[in-house]
Amino acid sequence: MRYLCLFYIDQTLVDAASKEEWAEINRESLASNEELQRSGHYLASNALADPKTAKTLRVRAGKASWTDGPFAETKEHLGGFLLIEAKNLAEAMEIAQRDSLARMGAIEVRETAGF
């Protein structure tokens, strides 16, 4: 089964982190992805640019409307994703729990719909 791990970043934690802490998180994250590749769990991943670069589209009554920024005002913003293959939700949660980016916010694990 495929699971999407969505990384939500708390900007206050990011701002408080030292350059050394970020360097460690990046090293750990890359090492984690390499391990997931070796174990056959890794499918894809990518970080997202700053939320200030986002545009949100809404279509109502056939008319398109664009706004700056992410969809909703929240304390945390979507910072990236990891698409994995796991035998079940428990294994997907175990994989997500090992990711160092969890220290900077939250990771949502969701089964893909498969179509």
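Trp66 is exposed in this predicted model, with a relative accessible area of 56%, where exposed stands for over 50%, buried for under 20% and partly exposed for the range in between (1.4 Å probe, protein chains only). The residue sits in strand S4. Together with Leu57 and Val59, Trp66 makes up a nonpolar surface patch with about 320 Å² of accessible area. Patches of this kind gather residues with over 30% relative accessible area and no salt bridge, nonpolar side chains (Val, Leu, Ile, Met, Phe, Trp, Tyr) being joined within 5 Å and like charges within 9 Å. The areas themselves come from the Shrake-Rupley method with a 1.4 Å probe, and for residues only the protein chains shown count as cover.

Residues are numbered from 1 along each chain as its sequence is written, and side-chain values use heavy atoms, with hydrogens and water left out. As the model is a predicted one, local features need pLDDT of at least 70 and side-chain atom pairs count only at pLDDT 80 or more, while totals for chains, interfaces and linings use all residues.

Turning to the overall fold, the chain contains three helices and six strands, arranged from the N terminus as β-α-α-β-β-β-β-α-β. These elements are DSSP runs numbered from the N terminus, with helices (H or I) of at least four residues and strands (E) of at least two. Along the principal axes, the C-alpha atoms fill a box of roughly 45 × 40 × 20 Å. Of the 115 residues in the chain, 27% are buried. The accessible surface amounts to about 7,900 Å², and carbon and sulfur atoms hold 55% of it. Among contacts (heavy atoms within 4.5 Å) with a separation of 6 or more, 78% are between residues 24 or more positions apart.

Strand S5 (residues 76-85) has antiparallel neighbours in both S1 and S2; pairing requires that DSSP finds at least two bridges between the strands. Nine bridges connect S5 to strand S1 (residues 2-10), and within this pairing Tyr8 has Leu78 as its bridge partner. Strand S2 (residues 42-47) is joined to S5 by five bridges, with Tyr42 standing opposite Ile84.

A second salt bridge, between Arg38 and Glu35, has its closest N and O atoms 3.0 Å apart. Both residues lie in helix H2 (residues 19-39), three residues apart, so about one helical turn separates them. Arg38 is exposed at 61% relative accessibility, whereas Glu35 is partly exposed at 39%.

Asp68 and Lys55 also meet in a salt bridge, at 2.3 Å from N to O. This pair links distant parts of the chain, with Asp68 in strand S4 (residues 63-68) and Lys55 in strand S3 (residues 55-60), 13 residues apart. Both Asp68 and Lys55 are exposed.

Definitions and conventions
Salt bridge = Lys/Arg side-chain N within 4 Å of Asp/Glu carboxyl O.
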